[in-house]
Amino acid sequence: AMYRAKHAGGGRCEIFDDRMRDQAVQRLSVQRDLARALESGEIHPWYQPIVELSTGRVTGCEALARWDHPTRGTLLPADFLEHADETDAIIRIDTIVMDAASRQVAEWNRARPASDQLCLSVNVSARHVLSDRLAEHVARALEASGLPGSALCLDMSEHAIMDDVEINRQALVQVRDLGVQVAVDDFGTGSASLAHMSRLPVDLLKIDRSFVRGLVDTREPRAALVRAIETLGHAMGLRLVVEAVETQQEYEVVRSLGIDEAQGFFWGPPTPPDEAVWATEHLDLGVSR
Ligand code: C2E
Ligand code: CA
């Protein structure tokens, strides 16, 4: 009850009742299950292709955590990340995904021509960035896998970046010293402005999926907003990526807006590595569709 009162802004009362008790029991049970899953290797990455819009080439992929639960099947981040984020379990998930995905993409890249190497995007939580151990974990993943720093991009949500701008700035400088790129995830959903971005060491903006949904209707202000983000972002030397492109129409609009790269079900959903044909067959997923 105290934590809930603090979380809701403080200076208020919360009553510990049966509902709160049930939620606490449920939370403990998921956290115990999660700790077991981390020990037994049930959490690992799936991969979604990222496509360069001007050529249709697959230039990279995003690694997304999946939990192969022994009784509940494959669980999505929405089923467990919130609970993981209450403890350092989220940092374990970040590093497990980063380590495994770095090894996987380094292996795919060894079979690809030098001119056509994939870049890997992984998600890092705010807790991880604030932990002071992010650069150490990134350096370890790169060294163990042989993936060059330039082929790794860390996605950090706009909300996380705005949490503690100064600490985050230092952490981002450290990882950029390893040659790694930094992306602002879900850009446009929080309070960060492009002015904030100009003060942070970031390389690309991933425009939130909510913008894509409104794009096809040109009367919607979303298209104008994306155009403005594109113009300013490019003027600041940032690369622009859109997420969750699902239809041909959305694809055509984002391409016409001058966005650099995109991902979404239009090209393919996240899959386990053995189903990621785009990684080994050098497919052009965009222009030919
Ligand atoms: P995100 O970083 O914004 O990742 C993109 C999400 O959009 C993924 O959801 C992906 O499956 C989904 N998506 C891709 N294309 C489409 C589309 O065309 N339509 C729709 N509706 N959705 C699409 P997923 O895999 O459920 O991941 C959700 C979030 O969980 C991610 O959002 C990311 O913030 C977080 N996450 C995933 N893996 C990790 C991890 O290893 N560490 C941390 N800290 N967060 C992670
Ligand atoms: Ca992401």
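Predicted model: local features only at pLDDT ≥ 70, side-chain atom pairs only at ≥ 80, totals over all residues.
A polar contact is a pair of N or O atoms within 3.5 Å; within protein, one must be able to donate a hydrogen and the other to accept it, and residues adjacent in sequence count only if both atoms are side-chain atoms. An oxygen atom of ligand 1 lies 3.0 Å from an N or O atom in the side chain of D185. The side chain of N123 places a polar atom 3.0 Å from an oxygen atom of ligand 1.

Side-chain values use heavy atoms, without hydrogens and water; residues are numbered from 1 along each chain as its sequence is written, with chains lettered from A and ligands numbered from 1 in the order in which they are written.

Now the surroundings. Ligand 1 has 23 residues around it (a heavy atom within 4 Å). R66, D94, R209, E246 and F265 come nearest. By class, this shell has 11 nonpolar, 4 polar and 8 charged residues (nonpolar: Ala, Val, Leu, Ile, Met, Phe, Trp, Tyr, Cys and Pro; charged: Asp, Glu, Lys and Arg; polar: the others, Gly among them).
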